[in-house]
Amino acid sequence: MSTITLTLKEQPVVPLEAEVISPDVFAGRGLDEIRALPVFLGKRQRRLDDFFAVEGKGGDDLEIRGDAGRVKWIGRAMTRGRVKIVGNAGMHLGAYMKGGAIEVSGDASDWVGAEMTGGSIRIRGSAGGQVGAAYRGSLSGMNGGTILVEGSAGIEVGMRMKRGVIAVKGPVRDFAGLQMKGGTLFLMGGAEIRTGAWMMRGTIVALKPVRLMPTFTYACTYHPTFLRVYARHLQEMGFSIPYEEREGAYQRYTGDGAVPGKGEVLVWQGSGERGASAP
C-alpha cells in the first residue's frame, strides 16, 4: 500500500496548526501539492514542507516521523485511511474524527479524539487531559469510535461522551467520566478524585479501587454479562479485563444522584479482597 512519509525537520518554536495532515486532504494530490499545503505558525501562514520533508506516493496511509509534540490537529475530522506517528503528537489529535485509524508510538497531548464519532486512536505512551471529551461550550463529547491509551491520562477523560469506548491502562487524574451521557470508560490503572461527577448515563469500569463521591449508591455485586463481549474485543487489542466468576466480581454503584443521573460505576473486586471503594 502506498504511504506518504512526513519527516519533521525541526520542532517548531511555537505550536504548529497542521490540520491539513490527514488522508482526506492528501487524497488525489501529488507530492508538490502536498508540500505546498498551508499550515500556521502562530498567525503566519507557511507551507507544509517548511517543517516536514515529504516523500512517498499518494495513498490513504501517512507516516509522521519525529517529535510532533507541538504539531496540532493531526488527523482532524479524517474519515478514512491510517496515520502512524513515530514519536509524540500534539494537541487535538484526531479531533472530530469520523473514520480510519491513528496510532502514536509516543505520548499525545490534550484533547485526543475530542468529539470524534468514529474510527480508532491508539496511544502507545501517555495522553494529556480531555481524552474523548467535549470542547468548552459543547453539549456532547465523543459519540463513537475507540480510544486506547497504554500509559496514563490527564483530567476529564471522557467528559460528556455519549457513545464509544475509551480504555486507559495507567492511572488517570480528576473528573474521569465528568458529565458522561453514554459510552463505556475503562479505568484499568485507577483514577484520582471525583470520578463520574454529574454523570447522566454510561458505564465506568474501574479495575482498581476508586474513591467515589457520596452521591453514588451501592446497588449490588455481580458478574455483568455484557463485559464478556468487551473483554473479547479488548483482548484482541492487548487490553485485558477480568470477567470470570472465579476471579472475582464487580461492585455496582449508580449515580450521580446529584443530577440525578442513571450512570453506573463498576468496581472490580478480586477473589479474596476485602472491602470495596464505597462512597
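**Salt bridges, buried residues and backbone geometry**

Glu-103 is partly exposed, with a relative accessibility of 25%. Partly exposed covers the range between buried, under 20% relative accessible area, and exposed, over 50% (1.4 Å probe, protein chains only). The model is predicted: local features need pLDDT of at least 70, side-chain atom pairs count only at pLDDT 80 or more, and totals for chains, interfaces and linings use all residues. Residues are numbered from 1 along each chain as its sequence is written, and side-chain values use heavy atoms, with hydrogens and water left out.

Glu-103 forms a salt bridge with Arg-124, with 3.2 Å between the closest N and O atoms. This pair links distant parts of the chain, 21 residues apart: Glu-103 sits in strand β9 (residues 101–104), and Arg-124 in the loop between β10 (120–123) and β11 (143–149). Strands (E, at least two residues) and helices (H or I, at least four) are DSSP runs, numbered from the N terminus. A salt bridge requires a side-chain nitrogen of Lys or Arg within 4 Å of a carboxyl oxygen of Asp or Glu. Arg-124 is partly exposed, at 36% relative accessibility.

A salt bridge also joins Glu-150 and Arg-122, whose closest N and O atoms are 2.9 Å apart. Arg-122 belongs to strand β10 and Glu-150 to the loop between β11 and β12 (163–168), so the pair ties together parts that are 28 residues apart in sequence. Glu-103, Arg-122, Arg-124 and Glu-150 are linked in a network of salt bridges.

The structure holds 14 salt bridges. One of them is formed by the side chains of Arg-80 and Asp-60 (3.4 Å, N to O). Arg-80 lies in the loop between β7 (71–72) and β8 (82–86), and Asp-60 in the loop between β5 (52–56) and β6 (61–65); the pair links distant parts of the chain, 20 residues apart. Arg-80 counts as partly exposed at 36% relative accessibility, and so does Asp-60 at 29%.

Buried residues were examined next. Phe-26 is part of helix α1 (residues 23–26). Its relative accessible area is 1%, so Phe-26 is buried. Residues up to four places away in sequence aside, Phe-26 touches Ile-4, Leu-6, Val-20, Ile-21, Ile-34, Leu-37, Leu-48 and Leu-62. Contact here means heavy atoms within 4.5 Å. The C-alpha atoms of Phe-26 and Gly-59 are 7.6 Å apart in space, although the two residues are 33 apart in sequence.

Ser-22 lies in the loop between β2 (16–17) and α1. Ser-22 is buried as well, at 1% relative accessibility. Beyond four places in sequence, Ser-22 is in contact with Leu-62, Gly-75, Arg-76 and Met-78.

Gln-251 is located in strand β16 (residues 248–255). Gln-251 counts as buried at 8% relative accessibility. Its side chain makes a polar contact with the side chain of Gln-269 (3.2 Å). A polar contact is a pair of N or O atoms within 3.5 Å; within protein, one must be able to donate a hydrogen and the other to accept it, and residues adjacent in sequence count only if both atoms are side-chain atoms.

Backbone geometry gave further features. Most residues other than glycine have a negative phi, and most peptide bonds are trans. Gly-255 and Asp-256 are joined by a cis peptide bond, with omega about 0°. Asp-256 falls in the loop between β16 and β17 (263–270). A cis peptide bond also joins Val-259 and Pro-260, with omega about -5°. Pro-260 is found in the loop between β16 and β17. Ala-77, not a glycine, has a positive phi of about 60°. Ala-77 lies in the loop between β7 and β8. Arg-194, also not a glycine, has a positive phi of about 65°. Arg-194 lies in the loop between β13 and β14 and is partly exposed at 36% relative accessibility.

Model confidence was considered last. The protein chain averages a pLDDT of 94, and 97% of the residues score at least 70. pLDDT is the predictor's confidence in each residue, from 0 to 100. Over residues 274–279 pLDDT stays under 50; the model has 17 contacts beyond four places in sequence for this stretch.
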